[in-house]
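Subject: Structure handover

Hello,

Here is the structure for you to look over. My notes follow below it.

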Amino acid sequence: MPETEVAAAELPEEVAGAIDELRRHYPTAEALLLPALHFAQKHWGGWLPEEAILAVAAELDLAPAKVLGVVTFYDLFHQSPIGRHRVRVCTNLSCALRGGQEILESVKRHLGVGENEVSADGRCSVAEFECLGACEQAPMMMVDDEYHPRLTPQSAAEILEGLD
Ligand code: FES
């Protein structure tokens, strides 16, 4: 993240207040970073633009690169907008051997999106995932918190059609 191109946003009062509230429960700024990012992500509508990452870094007096490292490490933080439903398709080895890449491509085609994009109706965002931890049921897809095992392109499409 080029620190010089994007200015830190003013951290909204509700986020700064929530972080302040937690300061006495966490011994270090590093420990407070995860909840702080959660508050910020919620405020920014489910994702963290660069200005939000810089604002959290400034609030906690941490290096922006360190905060960015945490944001990119954890799958629960997003650097681009996400849809109402988050679709993750596994393409790791077990799933790849059973057509995971084909599932991913068919899901993207069905929704008319590319990797990490949101469908035009705002319903779904799609991401390729390393391993969903259910390799014996490959190929796997996860929609929000729900696992969908042993997929075919057809069954994946039906699952997507059933989403609100
Ligand atoms: S390889 Fe796909 S769930 Fe593990």
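In what order do the strands of the open sheet come, and with what pairing? The 4 strands of the open sheet have the order 2-1-3-4, and the pairing is mixed. The edges are strand 2 (124–129) and strand 4 (146–148), each of which pairs on one side only. From one strand to the next, the twist averages 20 degrees. Two strands count as paired if DSSP finds at least two bridges between them.

Two points on provenance. This is a predicted model, in which local features need pLDDT of at least 70 and side-chain atom pairs count only at pLDDT 80 or more, while totals for chains, interfaces and linings use all residues. Residues are numbered from 1 along each chain as its sequence is written, and side-chain values use heavy atoms, with hydrogens and water left out.

Overall picture

The chain has 7 helices and 4 strands. Both are DSSP runs, numbered from the N terminus: helices are H or I with at least four residues, strands are E with at least two. From the N terminus, the order of elements is α-α-α-α-β-α-α-β-β-β-α. The C-alpha trace spans about 50 × 30 × 30 Å along its principal axes. Of the 164 residues in the chain, 44% are buried. Buried means under 20% relative accessible area, exposed over 50%, and partly exposed in between (1.4 Å probe, protein chains only). Take the contacts between residues at least 6 apart in sequence: 62% of them join residues at least 24 apart. A contact means heavy atoms within 4.5 Å.

The sheet

Strand 1 (residues 85–90) pairs with strand 2 in the parallel sense, over 6 bridges. Histidine 85 stands opposite cysteine 124 of strand 2. Cysteine 90 stands opposite phenylalanine 129 of strand 2. Strand 2 is largely enclosed by the rest of the structure, because 5 of its 6 residues are buried. Helix 6 (residues 100–111) lies across strand 1, strand 2 and strand 3 (141–143). Helix 6 runs at about 165 degrees to strand 2. For such angles, axes are lines fitted to C-alpha atoms (for helices, over the stretch in contact), and values run from 0 to 180 degrees between N-to-C directions.

The helix pairs

Helix 1 (residues 13–23) and helix 2 (residues 29–43) have axes that come within 9 Å and cross at roughly 160 degrees. So helix 1 is roughly antiparallel to helix 2. The cut-offs: under 35 degrees is roughly parallel, over 145 roughly antiparallel, 65 to 115 roughly perpendicular, and the rest oblique. Helix 1 contributes Glu14, Val15, Ala18, Ile19, Leu22 and Arg23 to the contact, and helix 2 contributes Leu32, Pro35, Ala36, Phe39, Ala40 and His43. By class, that contact has 9 nonpolar, 1 polar and 2 charged residues. Here Ala, Val, Leu, Ile, Met, Phe, Trp, Tyr, Cys and Pro count as nonpolar, Asp, Glu, Lys and Arg as charged, and the others, Gly among them, as polar.

Helix 3 (residues 50–60) packs on helix 4 (residues 64–73) at about 120 degrees, with the axes 9 Å apart. Helix 3 is therefore oblique to helix 4. Ile53, Leu54 and Ala57 of helix 3 meet Pro64, Val67, Leu68 and Val71 of helix 4. This contact has 7 nonpolar residues, no polar and no charged ones.

Best wishes
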